[in-house]
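Hi,

Here is the structure I promised to pass on.

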Amino acid sequence: MSSTNTDPNVAFYGFSPVARDPDVLFDGHPTASGDNPKQDLFTIENFPLPDSSLVRDVKAFVKNELDEQTFNHSNRVYVYGVALTKTHFPHWSYDYETYYLACLLHDIGTAEKYLATTKMSFEFKGAIVARELIFSLGGVEDQADSVCDAIVRHQDIFVKGGNITMIGQILQLSTVLGMSIVSIPRLTLDHASSSRQHGMSSQPHSPTTDRDNNNSVPKERLVWALCPRY
């Protein structure tokens with residue numbers, strides 16, 4: 001006998017299952033597959049970063065432990081993930097704060113003090129550190145578990161078959177984009193070229209600049225699309 005999970009935290013904290021393999025996820029997708037995938041126009045103002053006492057404490061911890069380039073990468077990953085879901089999966093529902101915590105902490109296992117004290121892979125060590133940190137700062141168990149699970153599995157991009165949590169899939173796709181797409185102003189220090197990898201192709205366009213009529217402040221635009229490689 002089958003039963004329906006009625007726990008609202010499953011959807012809220014991003015535990016809803018989705019296909020793990022990007023080739024399956026994007027196969028025949030109405031906006032992401034084919035020769036002309038949908039490309040939405042965004043400004044950085046479309047992606048306000050979550051802000052709470054928990055987020056501020058985690059951000060301070062991560063900024064202290066990671067080098068500046070990795071910290072900036074973690075912020076880019078959040079923006080790419082939100083942009084991806086807004087464009088291609090607008091029906092996906094998840095807590096932005098939980099996803100941002102996963103982004104901030106997904107590479108914490110690469111911090112020197114953790115690499116030097118463990119024989120585990122960085123994502124496993126980082127997931128443990130992240131879960132314990134969120135608990136120590138007053139986070140709830142479901143949120144800590146969602147972040148932990150996403151970090152453990154964000155390298156599953158090569159694994160075929162099965163499912164992954166929604167936040168886990170967004171994290172693994174956006175980390176690939178974070179290594180291959182053009183930079184987002186004010187969130188990154190480096191510029192990466194577009195490339196094809198891991199069954200996906202990122203198709204960034206050169207950012208265009210608008211100037212506010214009142215103060216002539218440039219507003220960089222990010223235009224991108226994600227589609228499977230065939």
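At roughly what angle do the axes of helix 4 and helix 5 cross, and within what distance do they come? Helix 4 (residues 68-88) and helix 5 cross at roughly 140°, and their axes come within 8 Å. That makes the pair oblique (angles under 35 degrees count as roughly parallel, over 145 as roughly antiparallel, 65 to 115 as roughly perpendicular, and the rest as oblique). Axes here are lines fitted to C-alpha atoms, for helices over the stretch in contact, with angles running from 0 to 180 degrees between N-to-C directions.

Before going further, a word on the source: this is a predicted model, where local features need pLDDT of at least 70 and side-chain atom pairs count only at pLDDT 80 or more, while totals for chains, interfaces and linings use all residues. Residues are numbered from 1 along each chain as its sequence is written, and side-chain values use heavy atoms, with hydrogens and water left out.

The overall picture

The chain has nine helices and eight strands (DSSP runs numbered from the N terminus: H or I of at least four residues for helices, E of at least two for strands). Of its 230 residues, 51% count as buried (under 20% relative accessible area; exposed is over 50% and partly exposed in between, with a 1.4 Å probe and protein chains only). Among contacts with a separation of 6 or more, 72% are between residues 24 or more positions apart; contact means heavy atoms within 4.5 Å.

Helix 4 with helix 5

Back to that first pair. On the helix 4 side, the contact includes F71, Y78 and K86, and these residues and their neighbours meet Y96, Y99, Y100, C103 and L104 in helix 5. By class, the contact has nine nonpolar, three polar and one charged residue (Ala, Val, Leu, Ile, Met, Phe, Trp, Tyr, Cys and Pro are nonpolar, Asp, Glu, Lys and Arg charged, and the others, Gly among them, polar). C103 counts as buried because its relative accessibility is 0%.

Helix 8 and its partners

Helix 5 (residues 96-105) also packs on helix 8, with axes that come within 9 Å and cross at roughly 45°, so these two are oblique as well. E97, T98, L101, A102 and L105 of helix 5 make this contact with Q143, S146, V147, A150 and I151 of helix 8. Six of those residues are nonpolar, three polar and one charged.

Helix 7 (residues 122-136) packs with helix 8 (residues 141-153) at about 165°, with the axes 8 Å apart, so the two are roughly antiparallel. Residues meeting here include F124, R131 and F135 in helix 7, and D145, C148 and V152 in helix 8. Ten nonpolar, two polar and four charged residues form the contact of helix 7 with helix 8. C148 is buried because its relative accessibility is 17%. As for disulfides (cysteine sulfur atoms within 2.5 Å), the count is zero.

Two loop residues

N46 sits in the loop between strand 2 (40-43) and helix 3 (53-65), and at 35% relative accessibility it is partly exposed. Its C-alpha atom is 9.1 Å from that of V79, 33 residues apart along the chain. S121 is in the loop between helix 6 (112-115) and helix 7, and its 40% relative accessible area makes S121 partly exposed.

Cheers
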